[in-house]
Amino acid sequence: MQKYSESLRLQGKKIAFVPTMGYLHEGHLSLMRKGRSRGDCLAISIYVNPTQFGPGEDLDKYPRDFEGDEKLAEELGCDVIFYPTNQEMYPENYHTYVNVEKITENLCGLSRPEHFRGVATVCAKLFNIVKPHAAIFGKKDFQQLAVIKRMVKDLNMDLEIIGMPTVREPDGLAMSSRNSYLKGDERESALSLSRSLKRAEEMYENGERNAGRIIKEVRRCINDHSHTRIDYVKICDTETMEDSEYLDSESVLALAVWVGSPRLIDNHVFGEHLNI
Ligand code: AMP
């Protein structure tokens, strides 16, 4: 992969890169389309990265369908799929990790303490392997995008990070490979996430700026649905990821909720268009 990328670079070609864990859906495809328009070469990676999963999480049962993914990637005009093994990514005596501080301490960092260390490490490795000029990430994983931007800036990595809007099902559910875990009426309960974001945006549009009052209403809305168990509902500064007491133009509402077995996440930046 490095040799291939280097030869493209020597020809003056631009490489756009979309890292994924596979089981591709329309959310991934939207990033790939963006990449297609931004580079002469569109590279994607499909790798379920073990270092970003904690003990007891869904690493082993994470959905996989390489053949289906390959077909979608080909149809979209993807030039190369980087599809490494664990042995190649983390051989014996692997000991180097990237730790982005501060912004990883809140939200998903609270319930998944090793998660962002794994994400930052694998992305740093993938950037060194694929050598992209631009990498495209989804805003659905809002904190992840902030972590990657921070890492790239702090470590002077020479690539552009592009964030893309969350792609949703027609009824508002944010697309996710983990939606495939939802059984029976859990699918309906999963709508509590997007519905509560909508409710929060309505409160904001009606002038509410008190974070505590919005969070209370969001929690009520989620708890109204069966099969839901809230991990967190928080309103934070979009850059520092610190909790906000009062909303300004840079505030994000972020949620993580177990719906049956999967833990789903969603978010909304107040004042931005919400396509629900
Ligand atoms: P994953 O395969 O879940 O690791 O996701 C790979 C990339 O796709 C990440 O940058 C995600 O933020 C992005 N992504 C996942 N779901 C969506 C979605 N519904 N809309 C937009 N981007 C998404």
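This is a predicted model: local features need pLDDT of at least 70, side-chain atom pairs count only at pLDDT 80 or more; totals for chains, interfaces and linings use all residues.

Me: Which residues are linked with Glu 217 and Arg 220 in a network of salt bridges?

Reply: The pair belongs to a network of salt bridges. Besides Glu 217 and Arg 220, the linked residues are Arg 199, Glu 202 and Asp 224.

Me: How many residues apart in sequence are the parts that Arg 38 and Glu 160 tie together?

Reply: Arg 38 and Glu 160 form a salt bridge, with their closest N and O atoms 2.5 Å apart. Arg 38 is partly exposed at 37% relative accessibility, and Glu 160 is partly exposed at 37% too. Arg 38 sits in helix H2 (residues 26-38) and Glu 160 in strand S5 (residues 160-164), so the parts tied together are apart in sequence by 122 residues.

Me: Arg 263 forms a salt bridge with Asp 231; is Arg 263 buried or exposed?

Reply: The closest N and O atoms of this pair are 2.9 Å apart. The bridge links distant parts of the chain, with Arg 263 in strand S8 (residues 263-269) and Asp 231 in strand S6 (residues 228-237). Asp 231 is partly exposed at 21%. For Arg 263 the relative accessible area is 15%, and since the cut-off is under 20%, Arg 263 is buried.

Me: How many disulfides does the count come to?

Reply: A disulfide needs two cysteine sulfur atoms within 2.5 Å. For Cys 41, which is buried at 3% relative accessibility, the nearest cysteine sulfur is that of Cys 78, 7.7 Å away. Cys 108 has its closest cysteine sulfur in Cys 236, at 10 Å, which is too far for a bond. The count of disulfides comes to zero.

Me: Which residues gather in a patch of negative charge on the surface?

Reply: One of them is in helix H3 (residues 66-76), namely Glu 74. With 61% relative accessibility, Glu 74 counts as exposed. The residues in the patch are Asp 65, Glu 67, Glu 70 and Glu 74.

Notes. Residues are numbered from 1 along each chain as its sequence is written. Side-chain values use heavy atoms; hydrogens and water are left out. Patches are made of residues with over 30% relative accessible area and no salt bridge: like charges are joined within 9 Å, nonpolar side chains (Val, Leu, Ile, Met, Phe, Trp, Tyr) within 5 Å. Accessible areas come from the Shrake-Rupley method with a 1.4 Å probe; for residues, only the protein chains shown count as cover. A salt bridge is a side-chain nitrogen of Lys or Arg within 4 Å of a carboxyl oxygen of Asp or Glu. Lys and Arg count as positive and Asp and Glu as negative; His and the chain ends are not counted. The place of a charge is taken as NZ of Lys, CZ of Arg, CG of Asp or CD of Glu. Helices (H or I, at least four residues) and strands (E, at least two) are DSSP runs, numbered from the N terminus. Buried means under 20% relative accessible area, exposed over 50%, partly exposed in between (1.4 Å probe, protein chains only).
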